[in-house]
Each structure stands twice: as structure tokens, then as C-alpha cells.
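Please consult the sequence and the model alongside the text.

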Amino acid sequence: MAPAAPYAGRRVCLTTLHGKEKVLARPFFHGLGAQLQVCGCDTDQLGTFSGEIERADDPITTCRRKAELGLAATGLPLGLASEGSFGPHPVVPLLPVGQEVLVFLDRERQLTLVEQRLELRTTFASRVVAPSDLQGPEVLRWLHQVQFPSHALIARPHAPGQPGNPSGLCIKAIRTEPALEAAIARCAALSADGRVRLETDMRAHCNPTRMASIRSLGFQLVRRLRRLCPACATPGWGRLEAIPGLPCRCCGTSTALVARERWGCATCSHTELRPRRDGRTVADPMHCPWCNP
Ligand SMILES: [Zn+2]
Ligand SMILES: [Zn+2]
């Protein structure tokens, strides 16, 4: 794709300590003709995955504040930051999900764009093990599931009944079997019950699944930045919401399926209703509350 004009030749500050430029530089260069300038300022003050510092805000606010830190540190008017959060699925608690967020700031246009992606293919998991479990089939299966060693782990002493991590020991970025054995031995020695809490290290540079997810989101954001508002020509024209109510093919009753999309501008109030992207104008009666109650 040819670079769209608004950001061609511009530098965009990416606030990251975790090598995210490896996956975000390409979409920004090829889609917009823009160069990323990495700002390695300390974002841990906004909270860490491993919980040493509690995150005070929701992921979108944290992400925006990261991007703002980069703008303050570099003096650039264009900024970018990424943030991930992981936890149980809101509807299916046994299923872990990841939420990836990218925030783009353009101070010259007073523009803030947020792109998000729900990631069901996440390796987010944790479990408590004893040193003697390490060669057992259950732990080996779990290690395979969380894609160790291509995806790193974190170990800390298990502290049953005690909130937090009283010993303060937390070993991150474990990427080899010898390192895992050593970490488990160290943590077990400091644990009241001799067991160790293992969890996936979700920092982007430790988790290739996350990196791939951030890359897809980067392309999604760049596609949006390439579209200009038809009313004011600000970059970032895109879908704001999906509107349900696709009519049933047999009786015309509104169903819960998406009927149209509302697209809008990130700075002016212009919006447009657009048809579904797949061209469907009617719903199968199986989705109809009247034909198939
Ligand atoms: Zn019907
Ligand atoms: Zn506009």
C-alpha cells in the first residue's frame, strides 16, 4: 500500500521497554511512511504485570498515559503506546483472554485514537508446583500448554493464606529448563510450604503470542489512520459501533445480528451509517425471535 499523506516522513514516539518496535515499525513505515522513535522511559511507575506495582487505571487510561510520558520525554507531537491486560473471560471464567490496546496521540490535530483487540489465543496461566512435580506428566503438560520455553515464565515462593509476596523474591524471564529448575529451587527454599507459584511472563518481549497480537493491532490502527474523515479530513475515520437489528428473511422481524455500522471521526462530530461489510441484508430465520423463539 502507498503511504497516506498525513504522517509521511514524520517521527512517532513509541513508549516501550519491551521491544515492541520490532512489530510496530513495519506497519507504520509501510502504511504511513512514518518512522518510530523508541522512548525507553520508565513505564513501570504506571504498574507492572507481575504485580510489584499495582496498575491504578484501566488499560486504556494506562496506555494513554504511557504515550503521554513519551511525548513529554521527547517533545514530539506524535505518540504511540501499547498495553495488554489478561484475566478470565467475562462470560466463560475458565477461558483466559487477553485485551490488547494501542493508543495513538496527535497533538497537532488534538487526536486520540484507541484500537483494541480481544485475544482468545493467549498463553496467560499460572499454577503452584513443588520441586518434585517438575518431571511429572501434569506439569510437563502445563509447560507445553503455556509454550515454555519459547514463552517465558515467572517464579515466586508460594505463600498460602498471605496476600502479596512476603519474601519479595520474583524471578522473571525464565526461558530455559536449567533456569526453571534453579528458580524453583530458590523459590521453594523461601516458601512456607516448599512450593512455588509459576506464571506466564506476559511482557511482550517474553511472549511471542502477544507480539503477534500487537502486530495485528498495529496494522489495524494504521489502516484506520490512513482513512480521512470525509467532512474534516482528519486521519482516523472508522467504525464506532455495530448496530443490531438485521431483519429476518422470512418475516422481517429485527434480530440481534448486526444490521449496519456507524462510522465516525475522532475529532469532529461527523458520522455515517454504512451497510455490513459482508453485504448481508437479511438474517437466517434461525436467528429470528419470532420464527425460532
Ligand atoms: Zn422471522
Ligand atoms: Zn471529522
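Strand S4 is largely enclosed by the rest of the structure, because nine of its eleven residues are buried. Here buried denotes under 20% relative accessible area, exposed over 50%, and partly exposed the range in between, with a 1.4 Å probe and protein chains only. Helices (H or I, at least four residues) and strands (E, at least two) are DSSP runs, numbered from the N terminus.

S4 is joined to S3 in the antiparallel sense by eleven bridges, and Val97 of S4 is the bridge partner of Gly87. S4 and S5 also run antiparallel, with nine bridges; two strands are taken to pair if DSSP finds at least two bridges between them. Asp106 has Leu111 in S5 as its bridge partner. Four residues separate S4 and S5 in a hairpin, and Gln110 in the turn has a positive phi of about 55°.

## Basis of the model

The model is predicted: local features need pLDDT of at least 70, side-chain atom pairs count only at pLDDT 80 or more, and totals for chains, interfaces and linings use all residues. Residues are numbered from 1 along each chain as its sequence is written, chains are lettered from A and ligands numbered from 1 in the order in which they are written, and side-chain values use heavy atoms, with hydrogens and water left out.

## Helix H5

Helix H5 comprises 19 residues (208–226), which at 1.5 Å a residue should span 27 Å; the end C-alpha atoms are 27 Å apart, in agreement. The expected span is 1.5 Å times one less than the number of residues.

Among the buried residues of H5 are Met211, Ile214, Leu217, Leu221 and Leu225. The buried residues of H5 pack against helix H1 (21–32) and against strands S3 (78–88), S4 (96–106), S5 (111–119) and S10 (238–244).

Zinc ion (ligand 1) is coordinated by the SG atoms of Cys248, Cys251, Cys288 and Cys291 at 2.2 to 2.3 Å. Donors are N, O and S atoms within 2.8 Å of the metal (3.2 Å for Na, K and Ca); water is not among the atoms, so sites may look incomplete. The arrangement is tetrahedral because the four donor atoms subtend angles of 102 to 112°; four donors count as tetrahedral if all angles lie between 85 and 135 degrees. Along the chain, these donors follow the spacing C-x2-C-x36-C-x2-C. Cys288 is buried at 1% relative accessibility, whereas Cys291 is partly exposed at 37%.

Cys229, in the loop between H5 and S10, and Cys268, in the loop between S11 and strand S12 (271–275), are 39 residues apart, and the pair links distant parts of the chain. Cys229 is buried at 3%, while Cys268 is partly exposed at 27%.

## Glu261 in strand S11

Glu261 lies in strand S11 (residues 258–264) and is buried, with a relative accessible area of 6%. The side chain of Glu261 makes polar contacts with those of Arg239, at 3.3 Å, and Arg277, at 3.2 Å. A polar contact is a pair of N or O atoms within 3.5 Å; within protein, one must be able to donate a hydrogen and the other to accept it, and residues adjacent in sequence count only if both atoms are side-chain atoms.

Beyond residues up to four places away in sequence, Glu261 touches residues including Glu241, Glu272, Leu273 and Arg274, where contact means heavy atoms within 4.5 Å.

Conventions:
Four donors count as tetrahedral if all angles lie between 85 and 135 degrees; four count as square planar and six as octahedral if opposite donors are over 155 degrees apart and all others between 65 and 115; anything else is irregular.
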